[in-house]
Amino acid sequence: MITLITGGTKCGKSEYAEKILERFIGPKYYIATMNPVGDDADEIIARHREARKNKSYITMECPRDIDKLDLPIGCGILLECIGNLCANEMYVGGNVLKPSDKIIHSIRSLGETASELVIVTNEVGCDGNSYSMDLMAYVSEMAIINSGIAEFADNVVECVYGIPIALKGKLI
């Protein structure tokens, strides 16, 4: 089962993703993609660690190259989040110009490995503003990635003010 969860900033995506995996029996992996850089990165990482500290996750810090993870077949995976992963692939270390192919392929592979794969992403590019060429390239890649994952996901859920809304499949 693959579930893609999208929404704006602080809309309840992470909490909903964790709720889905609460019922999973077996090893649960939390793949954290945030690169600890920036003013509020440490605060966000600490908040997420606190939220899952008693939930039996095996945390793997993986800001790039999720295709290189070696996870057991049949596990549960929470991938947090596509927005960070895309930015890291584009701008940090790897400098992958077109990360969409790499990320979508990696997500498909994780879906074949996991019994339950929950992916958190961000809603970007909906404000109608124009930005620098670099930022618009990021927005474009995120659109390709999100729609690519949504095509093969069993469920696509948008969180709006803490309320999950099924866009495809069902709420879990």
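Helices (H or I, at least four residues) and strands (E, at least two) on this tour are DSSP runs, numbered from the N terminus. What you have open is a predicted model, in which local features need pLDDT of at least 70 and side-chain atom pairs count only at pLDDT 80 or more, while totals for chains, interfaces and linings use all residues. Residues are numbered from 1 along each chain as its sequence is written, and side-chain values use heavy atoms, with hydrogens and water left out.

**Stop 1**

Select Lys10, in the loop between strand 1 and helix 1 (13-22). Its phi is near 55 degrees, a positive value in a residue other than glycine. Lys10 is exposed, with a relative accessible area of 69%; here buried means under 20% relative accessible area, exposed over 50%, and partly exposed in between (1.4 Å probe, protein chains only).

Now jump to Tyr161, in the loop between strand 6 (155-160) and strand 7. Phi of Tyr161 is near 50 degrees, again positive in a residue other than glycine. Tyr161 counts as exposed, at 79% relative accessibility. For background, most residues other than glycine have a negative phi, and most peptide bonds are trans.

**Stop 2: a cis peptide**

With that in mind, centre on the bond from Glu80 to Cys81: this peptide bond is cis, with omega near -5 degrees. Cys81 belongs to the loop between strand 4 and helix 3.

**Stop 3: the aromatic pair**

How many aromatic pairs does a search of the whole structure find? The search gives 1. Show Tyr30 and Tyr57, which pair edge-to-face at 5.8 Å centre to centre with 75 degrees between the planes. (Rings of Phe, Tyr and Trp, the last by its six-membered ring, pair if their centres lie within 6.5 Å; planes under 30 degrees apart count as stacked, over 60 as edge-to-face and the rest as tilted.) The pair links distant parts of the chain, 27 residues apart, with Tyr30 in strand 2 (residues 28-32) and Tyr57 in strand 3 (residues 57-61). Both Tyr30 and Tyr57 are buried.

**Stop 4: the nonpolar cores**

Select Ile82, Ile107 and Ile119, the residues with the most contacts inside the largest nonpolar core, which has 29 residues. A nonpolar core is a set of buried Ala, Val, Leu, Ile, Met, Phe, Trp, Tyr and Cys residues joined through side-chain atoms within 4.5 Å. Elements that each supply at least two residues of this core include strand 1 (2-7), strand 4 (76-80), helix 3 (82-91), helix 4 (99-113) and strand 5 (116-120). Which element gives the largest share? Helix 5 does, with 6 residues.

Zoom in on Ile119. Beyond its neighbours within four places in sequence, Ile119 is in contact (heavy atoms within 4.5 Å) with Ile2, Thr3, Leu4, Ile5, Leu79, Ile82, Ile107 and Ile149. Apart from this core lies another, of 16 residues, including Ala17, Tyr30, Cys81 and Cys159.

**Stop 5**

Colour helix 5 next. Its 20 residues reach 29 Å from first C-alpha to last, close to the 28 Å expected at 1.5 Å a residue, the expected span being 1.5 Å times one less than the number of residues. Among its buried residues are Tyr138, Met142, Ile145, Ile149 and Phe152. Their cover includes strand 1, helix 3, helix 4, strand 5 and strand 7 (163-168).

Lys98, in the loop between helix 3 and helix 4, counts as partly exposed at 47% relative accessibility. A polar contact of 3.2 Å joins the side chains of Lys98 and Glu141. (A polar contact is a pair of N or O atoms within 3.5 Å; within protein, one must be able to donate a hydrogen and the other to accept it, and residues adjacent in sequence count only if both atoms are side-chain atoms.)

**Last stop: Ser106**

Finish in helix 4 with Ser106, buried at a relative accessible area of 3%. Its side chain reaches the backbone oxygen of Lys102 at 2.8 Å. Not counting residues up to four places away in sequence, Ser106 touches Ile66 and Asp67.
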